[in-house]
Amino acid sequence: MVVGEDVVVTTARETTAERQTGLTSAEVADRVARGQVNALTERTSRSLAEIFRANVLTRFNAILGALFVLVMVTGSFADGLFGGVLVLNSAIGIVQEYLAKRKLDRLALLNSPTTRVVRDGQIIDVPTSEVVLDDLIELRTGDEVPADGPLTSANGLELDESNLTGEADPVPHAAGEQVRSGTTVVSGSGRYRARAVGADAYVNKIAADARRFTRTRSEIQDSVNTLLRYITWVIVIALPVALWSQWRAVGEQGWREVVIRSAAGVVGLVPEGLVLLTSVAFLLSAVQLTRQQVLVQQLPAVEGLARVDVVCVDKTGTLTIGDIAFEQLHPLPRREADADADATRQALGAIADDPFANGTLLAIGRAIAPPGWTRTHSVAFNSTRKWSAATFEGHDTWVLGAPEVLLAHCATSGSRPGDGPPSDGIRQQVAHLAASGRRVVMIARSPQPLTETELPDDLTPAGLVTLTEQVRPDARETFAYFAEQGVAVKVISGDNPATVAAVAREVGLDVGEPVDARTLSDDPDSLREVLRTASVFGRVSPEQKRAFVHALQADGHVVAMTGDGVNDALALKDADIGVAMGNGAQATKAVAELVLLDGKFSHLPRVLAEGRRVIANVERVANLFVAKNAMSLVAILAAAIALLPFPFLPRHLSLVSAVTIGIPAFFPALGPTPRRYVPGFLGRVLRFAVPVGVVAGVSVFASYLIANRNYGVPGEEFLRRCTVAPGQSTVPDHACWQTGTGATITLLVVFFAILIVLARPLAAWKVVLVGSLVAVAVLAFVLPAGRELFGFDAPAGLVWQSLAVGAVGAGAVELVHRFAPGPGPSRHDGG
């Protein structure tokens, strides 16, 4: 439906009873039957068919599939082992994404937003998707506006409309004005009729494309995609070279031998498990964090937090548990004859008697009973103005807020009769109370009634109110972890700077000199300079929180922002990683990448460690695959230059890939060793993996040439003795196996050396893993079934010369590791 003049007319015709009782159950059921609900048909995840296509119809699967078919046609079934890897990769990819889809859809449902509606005269919470046309919706601070419509009532209602207009300042709204979906209540309350819901709502019309399923991009995913593009072009160039060289080298043996040898070279160029292992690492990290009450709303956020070097936190709910308790009222008498502590206490109870009370008012209301005063006008608390006020029938106007803000409107010079105590004395008292970690607010009075959202200029201080918060018992340990990991912490709070500093000291932070954000310049360069030296900030406005994030990012930092209130939403949205508390405002959770479901900030180090573990271990996996690709390319080119058969059969590379890449890649990628993140993922992989891959390729071909000279079948006998007959999987003459056997032994030695370098620092479980894989490889040469399957024949002399060449290659790998800026514990290990 269209929101326009007709809606206003309809609203004007509503009776008072209709405005108060909302729709009846029958009216709701009728609208649901007609489809007039606030639900959309767009899916937020891919269908099973789309998942299947994405995991099966890939360019590398197409290459491997074509090669598999060609090898099967030759009848050499043992050389088609790589086809099993192809099927396994696709199957695991389909299963893992489908399970992730189910889990994410289920979590999205459990954590879906709710809306307060008035039905049958009762206020109830319903899922936002179940709001119907003409529902009477109640708005409170922190709510997201779920549909479009006209306000029937408003009490100091202010909306953040930056999502729609880009304007950061809150916009006040009165009864009769229109509100639009996609905005957020920053203060006050109100009720309105939903006149446009679902696809007809304004925000859904402008954001339909944004709400469709998309994968958030990340540095690792971008780097892997770049690697795949490079490798694709390498394959395009290498494939015709391999076919030409193998036709020249073994063409006399028939097309079958050409196909098998060419396939071996190209299969070595395909990183068949890289994407799989990367995605599995991210998926299992997200699942693991979910078990720890951390909802990952975007999978790459796990990686993103690993890059964070500055965490901005609020005091309430992060350093403290968040449960505020009223401690004491400290009266500020004007003169003895006018002192009335009881009246001040009653005024506190009256101000706290608010159905839309914030945390401070709720704490006061639990301690002080309401006096039964009648409220005639009120101004709701706002994080920008930092005060709330109310006028009561037969009583003064009373204001509760930050002492520094209220004192600017107080007549406290002491020069007039009836004035309160001098403001300097009050400020000293506030500073003394705040230095102990208490939250301090001031209550003041004025004989003038409230008419606008501006403070009267004749306020008289009546008392200081102290409230206490319990420091989180695990906060000190959490911030010690951040310090150990080199992550700076900025405490950004709307509270008094002295209070914030006292709490920060209690949790072990290096406070330095706390900064009152009201004294800061709006100049970005000046703000960057302050943020370089200061760590604790008080009296920070929501706009300043956002400016802090921008300034830190402009200084080259990767910023995480935590928050729970609607005043944190803008900063969370602009931070590199937004972290919301599970008990926070809906608007805050909606823009966050991570949600701490139980509100415990102590989970964040686990997320940080998980992200750093994923990045470091996926880097190890990428190094293994790229080294294999580089080795295969060198072997293809060397064979082409020397006009010799490719050193391996496909089955040889299947064995090497399994024991030195595939199986160990799963274990490091899922292992518990966190590593400190260092930028430059792609460059570091290429600088290490390409040189060691070249070392492996040169070592392999050197071993192949030596074996061919000492153990190879003479050229005049090669065609007769070493041709694979139709229907046979292997050559019957074992002497023909020896050159490939020597090359495989050398390749295993070099790649085990690469694996050991990447696995450092070595733990006991890693030594056991590598030892077990070496034993498996040895069994392939020792057991008759293994020799027959892989086509190995290893005389003692061949074994020793191949091991010697491999040892030289392993030494070269160690030199590359020491002198090339590649991976290693000295560079980015968390220990």
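Asp148 sits in the loop between strand E3 (136–139) and strand E4 (149–160); helices (H or I, at least four residues) and strands (E, at least two) here are DSSP runs, numbered from the N terminus. With 5% relative accessibility, Asp148 counts as buried, a word that means under 20% relative accessible area, with exposed meaning over 50% and partly exposed in between (1.4 Å probe, protein chains only). Thr183 is 35 residues away along the chain, and the C-alpha atoms of Asp148 and Thr183 are separated by 10.0 Å.

A word on what you're looking at: this is a predicted model, where local features need pLDDT of at least 70 and side-chain atom pairs count only at pLDDT 80 or more, while totals for chains, interfaces and linings use all residues. Residues are numbered from 1 along each chain as its sequence is written, and side-chain values use heavy atoms, with hydrogens and water left out.

Now for the whole protein. There are 33 helices and 21 strands, and buried residues make up 54% of the 831 residues. Take the contacts (heavy atoms within 4.5 Å) between residues at least 6 apart in sequence: 74% of them join residues at least 24 apart.

Look next at the open sheet, where 8 strands run in the order E8-E21-E20-E19-E9-E16-E18-E17 with mixed pairing. Two strands pair if DSSP finds at least two bridges between them. The edges are strand E8 (294–296) and strand E17 (515–516), each pairing on one side only. Further in, E19 and strand E20 (residues 577–581) pair in the parallel sense over 4 bridges, and Met561 stands opposite Gly578 in E20.

The buried residues of H22 are Pro542, Gln544, Lys545, Phe548, Val549, Ala551 and Leu552. What covers them? Among the covering elements are strand E9 (310–313), strand E16 (488–492), strand E18 (536–538) and strand E19 (559–563), along with helix H21 (524–533) and helix H23 (569–574). Just after H22, Gly556 takes a positive phi of about 90 degrees.

The axes of H21 and H22 come within 9 Å and cross at roughly 80 degrees, the axes being lines fitted to C-alpha atoms, for helices over the stretch in contact, with angles running from 0 to 180 degrees between N-to-C directions. That makes H21 roughly perpendicular to H22 (65 to 115 degrees; under 35 is roughly parallel, over 145 roughly antiparallel and the rest oblique). On the H21 side Leu527, Arg528 and Leu531 meet Ala547, Phe548, Ala551, Leu552 and Ala554 of H22. These contact residues divide into 7 nonpolar, no polar and 1 charged, where Ala, Val, Leu, Ile, Met, Phe, Trp, Tyr, Cys and Pro count as nonpolar, Asp, Glu, Lys and Arg as charged, and the others, Gly among them, as polar.

Two more stops. Thr320 lies in strand E10 (residues 320–331) and is buried, with a relative accessible area of 0%. Leaving aside neighbours within four places in sequence, Thr320 touches Lys315, Glu469, Gln470, Val471, Arg472 and Val503. Finally, strand E1 (residues 114–119) and strand E2 (residues 122–127) run antiparallel, joined by 6 bridges, with Arg119 opposite Gln122. Their hairpin has 2 residues between the strands, and there Asp120 takes a positive phi near 55 degrees.
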